[in-house]
Amino acid sequence: MLETNKIYQMDCIEALKQIDDNSIRCIFTDPPYNIDYKYDQYQDNREDYWNWCEEWLKECYRILMDDGSIFIKQFNQNLLTFSRLMLDVGFKEKNIIIFFKH
């Protein structure tokens with residue numbers, strides 16, 4: 001079990017697996033967009049991107065409370081694919097929030 005109020009530098013899926021079922025009220029995540037962005041260390045071009053997303057989304061679904069919410073910041077070209085994947089995992093979509101940068 002992970003301690004609260006502590007920062008961990010580890011693989012997100014491994015961290016999620018250490019969290020109890022139905023124990024988190026709100027999740028906000030900003031996953032990589034898989035658009036080949038040039039980071040210093042992370043390679044933003046995964047062939048298995050959607051399988052990887054499904055894996056961490058399943059863990060998020062498992063740990064999220066029944067009345068909890070998840071917010072995923074995502075690149076606009078991936079919105080429909082993410083929405084479909086979330087429904088497949090078991091989430092119920094209530095709202096899509098779109099931010100416009102002026």
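Modeller: Lysine 58 and glutamate 54 are four residues apart in helix α2, so about one helical turn separates them. Keep in mind that this is a predicted model, where local features need pLDDT of at least 70 and side-chain atom pairs count only at pLDDT 80 or more, while totals for chains, interfaces and linings use all residues. Residues are numbered from 1 along each chain as its sequence is written, and side-chain values use heavy atoms, with hydrogens and water left out.

Colleague: What makes lysine 58 and glutamate 54 a salt bridge?

Modeller: The rule asks for a side-chain nitrogen of Lys or Arg within 4 Å of a carboxyl oxygen of Asp or Glu. Their closest N and O atoms are 3.6 Å apart, so the pair meets the cut-off. By this rule the count comes to nine salt bridges.

Colleague: Why is glutamate 59 called buried?

Modeller: Buried means under 20% relative accessible area, exposed over 50%, and partly exposed in between (1.4 Å probe, protein chains only). Glutamate 59 has 14%, so it is buried. Arginine 62 has 24%, so it counts as partly exposed.

Colleague: How do you know that arginine 62 and glutamate 59 form a salt bridge?

Modeller: Their N to O distance is 2.8 Å, so this pair also passes the rule. Arginine 62 and glutamate 59 are three residues apart in helix α2, about one helical turn. Asp21 joins Glu59 and Arg62 in a network of salt bridges.

Colleague: And what about arginine 46 and aspartate 48: buried, exposed or partly exposed?

Modeller: Arginine 46 is at 25% relative accessibility, which makes it partly exposed. Aspartate 48, at 35%, is partly exposed too. The two form a salt bridge, with the closest N and O atoms 3.0 Å apart.

Colleague: What makes Phe28, Phe71, Ile97 and Phe99 a nonpolar patch?

Modeller: Patch residues have over 30% relative accessible area and no salt bridge; like charges are joined within 9 Å, and nonpolar side chains (Val, Leu, Ile, Met, Phe, Trp, Tyr) within 5 Å. Phenylalanine 71 is at 35%, so it clears the area cut-off. Areas come from the Shrake-Rupley method with a 1.4 Å probe, and for residues only the protein chains shown count as cover. The patch made by Phe28, Phe71, Ile97 and Phe99 covers about 510 Å². Phenylalanine 71 itself lies in strand β2.

Note on methods. Helices (H or I, at least four residues) and strands (E, at least two) are DSSP runs, numbered from the N terminus.
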